[in-house]
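Open the model in a viewer and keep the selection panel at hand. The stops below go from one chain to the contact between chains and then to single residues.

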Amino acid sequence: MAQPSSCAQSSNGVADESPNMLVYRKMEDIIARMQDEKNGIPIRTVKSFLSKIPSVFSGSDIVQWMQKNLNIEDQVEALHLGTLMAAHGYFFPISDHVLMLKDDGTFYRFQTPYFWPSNCWEPENTDYAVYLCKRTMQNKARLELADYEAESLARLQRAFARKWEFIFMQAEAQAKVDKKRDKIERKILDSQERAFWDVHRPVPGCVNTTEADIKKSSRMKQPHKTRKSVYGLQNDIRSHSPTHTPAPDAKEPVLLSSLQIQHWQTQLDRHRLKMSKVAESLLSFSEQYIEYDPFFTTPEPSNPWISDDVTSWELEASKEAGQQRVKRWGFCFDEVLKDPVGREQFLRFLESEFSSENLRFWLAVQELKKRPIREVPSRVQEIWDEFLAPGAPSAINVDSRSYDKTTQNIKDPGRYAFQDAQEHIYKLMKSDSYSRFIRSSAYQEMLQAKKKRNKNIPFFVIKNMK
Amino acid sequence: MGEMEQMKKEAEALKTQIEAARKAAHDTDMASAASGVAPAPRVQLKTRRTLKGHLAKIYAMHWCTDNRLMVSASQDGKLLIWDSHTGNKVNAVPLKSSWVMTCAYAPSGNLVASGGLDNMCTVYNLKTPVIKTVKELDAHTGYLSCARFLSDTEVLTASGDTTCALWDLETGKQKTVFLNHVGDCMCLSLSPDMNSFVSGACDSLAKLWDIRDGQCKQTFLGHTSDINAISFYPGGNAIITGSDDCTCKMYDLRADQELITYQDAALNSGVTSLALSMSGRLIFAGYDDFNCNIWDSLKGEKVGVLSGHDNRVSCTGVPPDGMCVCTGSWDSFLKIWN
């Protein structure tokens, strides 16, 4: 097995190898097991018509091996993984350009490690031209070019018209070398070479597995490790990639370290909850919300994607709060604040307790955060005048620390001028008013309600109108 | 260099102590804690819609808050706004640069944004008679991998220049720059309360940031390769990450450590994207091997597969009401499943 490019660690601990390497290594581990003499796939030479087919195994052999050795029960899963490995070129069907795994008697062969994708191959078109040209020099019918190959060859001849003599000579030289090989060896090498090109120049319509995500390819980490030439054409080896982005300027080293240390210290000092507590909290959250998750509980009246009926969306947008929606408000204070109808009901409740200024302040501050900068100073003044200034019409009760801080903040008004006061009011509403709201008869009645209510009259007002 | 050496030692010592503190809090693991929970039923979803219209690889998609409209970005140089329920294209926004990597829908539904190899985040107004470019946010020195609107006046971006930034849309300037990653930032996710966000980068770390003061509050380790996708768990106390190391992980913010790794021996491709069902119970993770795998987030088991794409799944998204999941692929199609 060829050694893949080594994984060098740079000084800041970031692995230097491309993200694909991890995936290639995983596949290569599986290949190594498949090739194991004792427990691998049995490779044999098959006698056919007038000749022998060396070094092959069938598609079914692969599927069976996978099911037995990789803990894969499902044949579909085995075929999916096998096709993935074939598409990357680790094994290939000997009589087909399309790299996929079939669960039948189709013959497959292993690729030689030289051609593995972990060797960072990026073969140039000049090499492809040499390869196709060489193929036309071989007389055997089975080595005739497929239509798409013939088209590619024609295209390359036009593109490299000036270099064509050179390419032709290279092809001739390669063909000569090939002719000298032992017949069986040639069969194997020819097929492996063809499979290599099937990966890097796939049949039209097939996925090119060598295509890189542009986010990753603009980070060429080891350009000098890339192999560009199969047939040793010197003039195509580049010394650096044109897309290489230089690393951002490193900060003054000592400063960076002291910031890092501060960060680690802060992280060390933070209070950590025990896993058991955290797990419990996540489990109860899930339990609570699972009835609202359309993937688990069929939504009422229906899921618009299945029934094509958009009533569910219309109900969401309406002022009507069905029982399920009302129930959610009881989960936590944030659920009330999230739902416009919840906010409205909570506001009416607070009005009955003469403390609605708290919620109104909180809402005003939320809205302030979304205002355009030029409107912020005047809006800050308005909020101050309404809720916090001495003699304010909707005076709210904040602790002296927040009050002092806010007094300072409004001298240079920004979107977060009321942050401390808002947090204080939030906690107040959450610990005090919210629990009373949930226990209130109005809320309880909404929760029990089974009949549809008149859309435009909020329930709470109906009660007060008695 | 004595001072540098000393600081390095100090940093290492602190990291070791943090690991010890994390271990001390590790009195159980998620799998045991969840052993009493009923397993999620085997999930078999059907394709409800296939949205055809892009002519090249789709790189990103984002749902609008109305649960119907969505925006998708493709290397054919267009942003398409879909009414995904009817399958109609509502709008098409031609992009100056076709190397687009991300797109976002503002919560108000008024604006969309895109960005990519041009290093910029371009914001468009959908409500003017003709779609106009509102701003070009240009200050990053690397590609724009992810963008998210906080409101019609603020945008968060993640960039290949290893920084994230908070922008003011009126001035077009960066208000806060979030510095701490040492690798390209690939993804970000806003907390439900909008006070913080998490980012994943090629340094295999996920970081939690306070939006207001710009500080990195927590760092999560464990992955061995680029983190391509990240999402807050509903409730805001945990996060899920997806990586090129072929695994997804859940980290809890309060326990300050990893809770579960979602992996399978048969899964040999990197995770490109992920989205959570509305309760958080299901994780829809898109992989390089053309499938989207569905994980039970509490038990760590694979409970389903979405196969139907003919190329890599590059983006996934669940709308706010959780009624379906959308996958976008390099095969140029978007599929809606439930």
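How far apart do the end C-alpha atoms of residues 137-177 of chain B lie? Select that span: the end C-alpha atoms are 13 Å apart, and the span is 0% helix and 61% strand. Helices (H or I, at least four residues) and strands (E, at least two) are DSSP runs, numbered from the N terminus.

Before going on, note that this is a predicted model, in which local features need pLDDT of at least 70, side-chain atom pairs count only at pLDDT 80 or more, and totals for chains, interfaces and linings use all residues. Residues are numbered from 1 along each chain as its sequence is written, chains are lettered from A and ligands numbered from 1 in the order in which they are written, and side-chain values use heavy atoms, with hydrogens and water left out.

Next, select residues 178-219 of chain B, where the end C-alpha atoms are 13 Å apart and the chain is 0% helix and 55% strand. UniProt positions are given in the numbering used here, feature names are shortened, and annotations may be inferred rather than shown by experiment.

**Chain A**

Now show chain A, with 21 helices and four strands. Of its 466 residues, 45% count as buried (under 20% relative accessible area; exposed is over 50%, partly exposed in between; 1.4 Å probe, protein chains only). Select residues 37-112 of chain A, which the UniProt annotation "domain: DEP" covers in an unreviewed entry. This span is 32% helix and 26% strand, with its end C-alpha atoms 16 Å apart.

Then go to A:Pro301, in the loop between H10 and H11 of chain A. The peptide bond joining A:Glu300 and A:Pro301 is cis, with omega about 0°.

**Between the chains**

Show both chains and select the residues in contact (heavy atoms within 4.5 Å): 75 residues of chain A are in contact with 110 residues of chain B. The area buried between chain A and chain B is about 7900 Å², and carbon and sulfur atoms give 64% of it. Buried area is the accessible area (1.4 Å probe) that two parts lose on being put together, summed over both. Highlight A:Met275, A:Phe295 and A:Trp305, which supply 12% of the area that chain A buries against chain B, more than any other three residues.

How many salt bridges are there between chain A and chain B? The count is nine, a salt bridge being a side-chain nitrogen of Lys or Arg within 4 Å of a carboxyl oxygen of Asp or Glu. For one of them, select B:Glu170 and A:Arg415, whose closest N and O atoms are 3.9 Å apart.

Colour the helices of chain A next: among the elements that give two or more residues to the side touching chain B are helix H1 (19-34), helix H9 (253-269) and helix H10 (275-289). H9(A) gives the most to that side, with eleven residues.

**Two loops of chain B**

Select B:Thr162, in the loop between strand E11 (154-159) and strand E12 (163-168) of chain B. Phi of B:Thr162 is near 75°, a positive value in a residue other than glycine. B:Thr162 counts as buried because its relative accessibility is 14%.

Finish at B:Asp256, in the loop between strand E20 (248-252) and strand E21 (257-262) of chain B. Here too phi is positive in a residue other than glycine, near 60°. B:Asp256 is buried, with a relative accessible area of 0%.
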